[in-house]
Amino acid sequence: LSEDQGNFKFGQTKLPDTAKQKIDEMVAQMKQDPKNIYLEIEGHTDNVGDKATNERIGLARAEAVKHYLYEQYQVPLHKMNVISYGKDKPVAPNKTKAGRAQNRRVVIKVLA
């Protein structure tokens, strides 16, 4: 998933429908070339709020993706790892509303 497609609303951890569509596309591609893969799911936030809150929100966003993959596609839980980077790895400046929106995201890395 590209890093600007998380589309999480400010302070929210619920998985948006647009993110579900991107995950569905990713799973379809993985099924075409099944191999022994492992998923690392990273949760990210913008820079608004304190560090602890952002860490918690980032983790909850990553967990939402993990639960979606497990419930919809039966991806084994031991094949997924979640991590929160909170506000530490922005992909856009946090100075604008659009930049902060891009930073509220989940990144799924497929590892072989």
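This is a predicted model: local features need pLDDT of at least 70, side-chain atom pairs count only at pLDDT 80 or more; totals for chains, interfaces and linings use all residues.
**Entry 1: strand β1**

I started with β1, which spans residues 38-44. I looked up its burial and found that 5 of its 7 residues are buried, so I noted the strand as mostly covered. Next I listed its pairings. With β3 (residues 106-111), β1 pairs in the antiparallel sense, over 6 bridges. As a reference point I took Ile41, whose bridge partner in β3 is Ile108. With β2 (residues 80-86), β1 runs parallel, and 6 bridges join the two strands. Here I noted Glu40, whose bridge partner in β2 is Asn81. I then followed the chain from β1 to β2 and found that it passes through helix α2, residues 51-73. I recorded this β-α-β crossover as right-handed.

**Entry 2: helix α1**

I turned to α1, residues 17-32. The helix has 16 residues, and I read 23 Å from its first C-alpha to its last. That is close to the 22 Å expected at 1.5 Å a residue. Which residues of α1 are buried? I found Ala19, Ile23, Met26, Val27 and Met30. They sit on the same side of α1, because they cover an arc of only 100° around the axis.

**Entry 3: Thr45**

My last item was Thr45, which lies in the loop between β1 and α2. Is Thr45 buried or exposed? I read a relative accessibility of 4%, and Thr45 therefore counts as buried, the cut-off being under 20%. I then looked at what its side chain reaches. There is a polar contact between the side chains of Thr45 and Asn54, at 3.3 Å. The side chain of Thr45 also reaches a backbone atom, the nitrogen of Lys87, at 3.3 Å. Leaving out residues up to four places away in sequence, I listed the residues that Thr45 touches: Asn54, Ile57, Gly58, Arg61, Gly86, Lys87, Asn103 and Arg104.

Notes: Residues are numbered from 1 along each chain as its sequence is written. Side-chain values use heavy atoms; hydrogens and water are left out. Buried means under 20% relative accessible area, exposed over 50%, partly exposed in between (1.4 Å probe, protein chains only). Helices (H or I, at least four residues) and strands (E, at least two) are DSSP runs, numbered from the N terminus. Two strands pair if DSSP finds at least two bridges between them. A crossover is right-handed if, with the strands pointing away from the viewer, the path from the first strand over the helix to the second runs clockwise. The expected span of a helix is 1.5 Å times one less than its number of residues. The arc is that of the directions from the helix axis to the C-beta atoms. A polar contact is a pair of N or O atoms within 3.5 Å; within protein, one must be able to donate a hydrogen and the other to accept it, and residues adjacent in sequence count only if both atoms are side-chain atoms. Contact means heavy atoms within 4.5 Å.
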